[in-house]
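Please keep the sequence and the structure in view while reading.

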Amino acid sequence: MRIGRNALWNIGEIIAASVALFLLFKVIVHALGIEALGVWSLVLATTSLARLADVGVTGGVGKFVAQTSVQRERDPATHSPLAFIETAIVANALLYAAIALVAYWPARQGILAVLEGAPAEIAVELLPYALLSFALGSMSGTVGAGLLGLNRSDLKSQIMIGGYVLQLIVTVALIPELGLPGVAVGQIAQHLAVTLVAWLLASREAEGTWRLQLPVRLSMSLLRPLVSYGIRLQGVTLASFLYEPAVKFLIAAVGGAAALGLFEMAFRLITQSRQFLAAPCQNLLPLYVATYERGGGLRTIYGPATIIVAILAAAGLLCLVLATPWISLIWIGRVEPLLVSYVAMLAGGWLLNMAAMPAFYLGMASGHLRWNILGSGLTTLGAVLIGKVLGSHFGAAGVVAASSFSVALGAVVIAIGNTRAAGIALIPAFTSVSTLVNAVTGRLKGRA
């Protein structure tokens, strides 16, 4: 069954990403210091605000590619799923070029508002690199979503593993001479290579032959449903992406670059651990879509998936909290109490976030996104409002605690709303894993 292979490669991708992140942080801290890591983190958070101008074209690629693939089984005359991917790539290339030009000055002013002196100068120097990386990351994400919709997230993961290796090689080679810009160039090289290779493989999977040409076609008839779905999904995306820069700006304001550097380490440890479950859970999207298209029920998929994710999340986060002192020793050279406490505080909120992932994809697959939007909005709003209050009394630690509570609140809202909309019990009965395997086998055909 393809979904099992997909999940295994997804986990392999996250392992590679975790190792790459660990080594990247080690290289940056060793060569440039924790403050430099905080500067890099703030620049990336600032450029992510450019998503305010995104219309969410990428968000619908996985859904529509999966939907078209099922429809093509019934009617071979249906247009190729590759057309959705190509249209999204071209549309994003045009859109992000315009966004980067418009976003530069506001992003520069935002950086100068919270940093000063040498860190501010370095951050401004990094900004053009970060905007280019941001645009290329959108392109690689688009093709990756296409491979997911084609039920070949295993190929996506294999390509991403190669991209992480390339990023590390370029970064290690350039950081002694260029400093932080060397890190940016490594990320740019990664996104560019992933986009090109993934496009070639997506063309082979969708059309059964290699398409050795760059994507240039823009179909307005396909762009319309992508934009229509994407605008609704963008409510979720924007709220999610606003959460991270909002929290980081608050921490920088009350704790400075050093506190932000420690939070960046803690946040990446948590979110990278989350990816061990989030990446395999992405395969629920084409599974749910195929089930909707064929008129099937979702209880036998959602229940076991939620049980498995919740158990694995609890065990994984507990292990991470216990391992944080050792990670701190390796990264920093000492056990940093603040890093340990940040990880412990974040783990509580993100446990509920992970357990709610199967419910999140219920909304994605059905196209009814209001609960995903509301939950994500509450997460960001709560982090800002509660973070400002607690931050004024407890500093950076108060902001971290507020951000964790807000993540938990948003996850609960999403899970309750989407399961009710689908007519599924929020807390499923403890069902055997074999139920999920049987459901997957019956609902989605793997491709050899």
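## Handedness of a crossing

A crossing of two helices counts as left-handed if the near helix is turned anticlockwise from the far one by less than a right angle, and as right-handed if the turn is clockwise. In this model, which is predicted, the crossing of helix 3 and helix 8 is a right-handed one.

## Overall form

The protein contains 15 helices and 0 strands. Its radius of gyration is 21 Å, close to the 22 Å that the globule rule gives for 448 residues, so the protein is as compact as a globular protein of that length. The C-alpha trace spans about 65 × 50 × 35 Å along the principal axes of the protein.

## Helix 8 and its partners

Two packed helices are described by the angle between their axes and by the distance between those axes. Helix 3 (residues 61-74) packs with helix 8 at an angle of about 130°, and the axes of the two are 10 Å apart. That angle makes helix 3 oblique to helix 8.

Helix 8, which covers residues 220-281, also packs with helix 13 (residues 370-394), here at an angle of about 10° and with the axes 7 Å apart. Because angles under 35 degrees count as roughly parallel, helix 8 and helix 13 are described as roughly parallel to each other. Helix 8 passes helix 13 in a left-handed crossing.

## Helix 6 against helix 7

Helix 6 (residues 153-178) and helix 7 (residues 180-207) pack at an angle of about 155°, with 7 Å between their axes, which makes helix 6 roughly antiparallel to helix 7. The crossing in which helix 6 passes helix 7 is right-handed. In the contact of helix 6 with helix 7, 19 residues are nonpolar, 7 are polar and 2 are charged.

## The second largest pocket

The second largest pocket holds about 270 Å³ of space. It is lined by 16 residues, of which Thr306, Ala355, Ala415, Leu426 and Ile427 are the closest to its centre. By class, the lining of the second largest pocket divides into 15 nonpolar residues and 1 polar residue, with no charged residue.

Which helices each supply at least two residues of this lining? They are helix 10 (299-332), helix 11 (337-355) and helix 14 (396-422). Helix 10 gives the most to the lining of the second largest pocket, with 5 residues.

Technical notes:
Residues are numbered from 1 along each chain as its sequence is written. This is a predicted model: local features need pLDDT of at least 70, side-chain atom pairs count only at pLDDT 80 or more; totals for chains, interfaces and linings use all residues. Side-chain values use heavy atoms; hydrogens and water are left out. On a 1 Å grid over the protein atoms alone, a cavity is a set of points where a 1.4 Å probe fits but cannot get out, and a pocket is an open set with protein on both sides within 12 Å along at least five of seven lines; lining residues have an atom within 4 Å of a point. Grid points are joined across faces, edges and corners, and a volume is the space filled by probe spheres set on the points. Helices (H or I, at least four residues) and strands (E, at least two) are DSSP runs, numbered from the N terminus. Ala, Val, Leu, Ile, Met, Phe, Trp, Tyr, Cys and Pro count as nonpolar, Asp, Glu, Lys and Arg as charged, and the others, Gly among them, as polar. Axes are lines fitted to C-alpha atoms, for helices over the stretch in contact, and angles run from 0 to 180 degrees between N-to-C directions. Angles under 35 degrees count as roughly parallel, over 145 as roughly antiparallel, 65 to 115 as roughly perpendicular and the rest as oblique. The radius of gyration is taken over C-alpha atoms; the globule rule is 2.2 Å times the number of residues to the power 0.38.
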